[in-house]
Amino acid sequence: MLGFLKNPVVVTAKINMNLVALTVMGLISRLWGLSYPRAVVFDEVYYGQFVSLYMKRIFFVDDSGPPFGHMLLALGGYLGGFDGNFLWNRIGAEYSVNIPVWSLRLLPALAGALCVPLAYQILVELQFSHCAALGAALLILLENSLITQSRFMLLESILIFFILLAVLSYLKFYNLQRHSSFSGSWWFWLLLTGVACSCAVGVKYMGLFTYMLLLAIAGLHFWHMIGDQNLSNVSLMCHFLARGLALIIIPVAMYLSFFYVHLTLLYRSGPHDQIMTSAFQASLEGGLARITQGQPLEVAYGSQITLRNVLGKPMQCWLHSHTNTYPIRYENGRGSSHQQQVTCYPFKDVNNWWIVKDPGMQQLVVSNPPRPVRHGHIVQLVHGITTRYLNTHDVAAPLSPHSQEVSCYIDYNISMPAQNLWRVEIVNRESDTDVWKTILSEVRFVHVNTSAVLKAIIFHFQLSGASLPEWGYRQLEVVGEKLSKGYHQSMVWNVEEHRYGKSQEQKEREVELHSPTQMDISKNLSFMAKFTELQWKILTLKNEDTEHKYSSSALDWITMDTNIAYWLHPTSGAQIHLLGNVVTWASANVAALVYMCLSLWYLIRRRRKIYDIPEDAWQLWVSAGGISVGGWAVNYLPFFLMEKTLFLYHYLPALTFQILLIPIVLQHLSDHLCRSLLLKSMFSALIVAWFSSVYLVYRTFSPVTYGEPSLSVTELKDLRWKDSWNILIRKQ
């Protein structure tokens with residue numbers, strides 16, 4: 001019974017020593033001296049702030065992209081025991097002893113190291129020789145710019161890792177398609193393609209370019225499958241559904257999960273709250289939630305409310321009034337109504353409170369039971385402190401003469417009657433009988449007499465810094481917008497603070513307006529509502545793009561006419577620059593040019609029924625180009641259409657694909673153009689000499705890649721191979 005124990009248990013495994021060696025070399029090149037320098041390096045000052053906010057569970061919005069990459073950086077800090085207590089205020093600031101520098105930089109370094117074996121495997125899956133695959137991996141290994149970018153708390157190396165993983169996974173899936181459809185490994189690589197694509201997009205939206213490329217390639221491959229008469233309709237449908245599940249549904253679900261984890265972790269109020277809606281702010285712990293927790297949900301006649309403009313950028317503001325009136329005449333000579341000023345005030349204040357009044361009744365308190373205000377109801381808005389009614393009329397606004405002035409009405413016994421009736425329109429209503437709700441409802445106030453819409457002129461301030469003059473205390477203008485076609489957030493308001501008014505007497509009501517409210521009504525947003533709002537803010541929120549010392553144009557990248565100084569030692573000449581391997585960059589450009597010229601030549605010749613290379617070699621040439629040249633194009637050309645500050649590191653994903661093209665072109669030239677043994681030998685000798693120059697340039701620029709050893713002034717000047725490079729040299 002136990003006879004099987006007489007023989008030893010033998011496990012046989014195949015180990016690709018090329019992969020092992022490349023992985024080890026990649027780890028050494030990226031992890032060696034990772035904690036050096038112990039100072040903030042370039043964009044670590046930017047990403048470090050978000051890591052600290054994750055550690056403290058404080059909500060933030062980053063308009064540069066989705067949260068997955070930030071969460072990975074925060075994971076490194078968490079594993080190292082980082083508590084978030086560090087002031088990320090300047091590049092070059094020394095890290096304190098409590099900062100786990102090695103852990104914070106670990107994940108980007110690991111991602112950069114793993115790009116080396118991934119490049120090797122991609123070339124193998126493209127059916128190129130192991131020699132060509134080894135060349136691609138070594139070029140990635142010795143690329144100075146990729147080393148620099150992966151050794152710090154930055155996102156590009158993580159992005160490139162997931163991009164290459166997605167490409168490799170799809171190639172493995174496609175190669176299994178021929179003989180192992182719907183096998184376990186087939187499903188694994190197909191699903192991993194979708195997961196890697198989702199992760200790439202989740203790190204930076206640049207990952208979307210490669211995702212679209214792979215979807216296009218997958219679509220083309222499926223189109224070819226449709227023409228295969230050996231596949232039944234049922235089989236084709238199964239293939240289609242499998243690809244739809246793995247390449248669309250799962251990536252979308254994962255993308256949503258990134259935001260779910262992000263919002264779950266960041267549950268505390270923080271400095272970025274003000275750009276979010278009141279409903280979103282109220283869902284966070286602290287901040288607005290402390291004020292609004294338990295407020296009445298339904299706005300009723302007699303409710304005391306504050307009205308926040310939904311636009312919220314460049315600053316939040318609330319409908320406001322005070323006892324001061326508009327000047328009889330403005331500086332330009334135009335006259336005003338001399339009524340009480342109404343403004344949009346960017347701070348919480350007792351003068352932000354208004355009372356919702358039923359025009360048919362005199363009382364300013366909520367009845368029992370409360371009578372809720374619904375979509376389409378007519379109301380009057382009474383200023384809580386001055387008890388004057390919100391009014392507009394055919395008088396030009398102070399800063400916007402094409403719009404109507406908004407005021408609180410004062411009866412001067414002249415021929416200017418009050419026009420203080422407003423129709424409540426709930427913009428985000430589900431039906432025409434919806435009740436006006438605290439925080440949740442977004443409403444427009446349409447003037448009954450003139451059809452003007454109450455609007456905060458925030459964009460004047462956003463564009464030119466314009467606000468009301470000294471007589472208006474530099475507050476923001478509120479107008480009645482006559483041309484109310486369309487929808488703009490500056491015309492939309494929501495109730496932020498709310499209480500049911502109980503005091504009819506003015507003095508008692510003023511005391512009431514100064515006191516907080518507490519009633520038990522929950523206003524929690526669903527995850528999808530929060531995701532939709534946050535996603536929209538990320539896509540539409542634009543920080544002011546200013547020209548940076550090291551910003552560059554997309555044209556500068558191809559020839560590497562620019563560099564970025566990442567760090568400079570405070571006393572010595574040690575410094576770190578984002579600079580590429582000049583030989584590799586030039587060779588990548590030549591390879592792309594050769595590929596396009598040869599492809600055009602082959603196409604013309606094939607059109608004339610002249611076939612210079614075998615059909616299988618042509619298919620290999622086209623498929624390899626679709627990945628490498630296509631990957632370069634989709635990750636590079638879109639930057640010509642972008643209106644944002646660009647830096648050299650934006651080119652690195654495109655460069656990675658272009659580097660993969662170099663051994664592809666070299667093997668093709670060797671196999672199909674070097675026909676004699678002598679030519680092959682000479683070509684091999686040239687490749688050895690060329691690769692030696694790649695290594696020599698890598699070694700030459702290593703001091704500014706790793707930041708050590710420190711170089712003398714003469715040595716630094718010798719590294720300035722181009723006049724446009726900004727190598728930092730201290731004045732003697």
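Author: A salt bridge is a side-chain nitrogen of Lys or Arg within 4 Å of a carboxyl oxygen of Asp or Glu. Side chains of opposite charge can pair when their charged atoms come close. The structure shown is a predicted model, in which local features need pLDDT of at least 70, side-chain atom pairs count only at pLDDT 80 or more, and totals for chains, interfaces and linings use all residues. Residues are numbered from 1 along each chain as its sequence is written, and side-chain values use heavy atoms, with hydrogens and water left out.

Reader: How many salt bridges does the structure hold?

Author: The structure holds 16 salt bridges. One of them joins the side chains of Lys-204 and Glu-156, at 2.4 Å from N to O.

Reader: Which parts does the pair of Lys-204 and Glu-156 tie together?

Author: Helices (H or I, at least four residues) and strands (E, at least two) are DSSP runs, numbered from the N terminus. Glu-156 belongs to helix H7 (residues 156–177) and Lys-204 to the loop between helix H8 (184–203) and helix H9 (207–226), so the pair ties together parts 48 residues apart in sequence.

Reader: Are Lys-204 and Glu-156 buried or exposed?

Author: Buried means under 20% relative accessible area, exposed over 50%, and partly exposed in between (1.4 Å probe, protein chains only). Both Lys-204 and Glu-156 are buried.

Reader: What is the case for Glu-425 and Arg-423?

Author: Their side chains meet in a salt bridge of 3.2 Å, N to O. Glu-425 counts as buried because its relative accessibility is 18%, whereas Arg-423, at 29%, counts as partly exposed.
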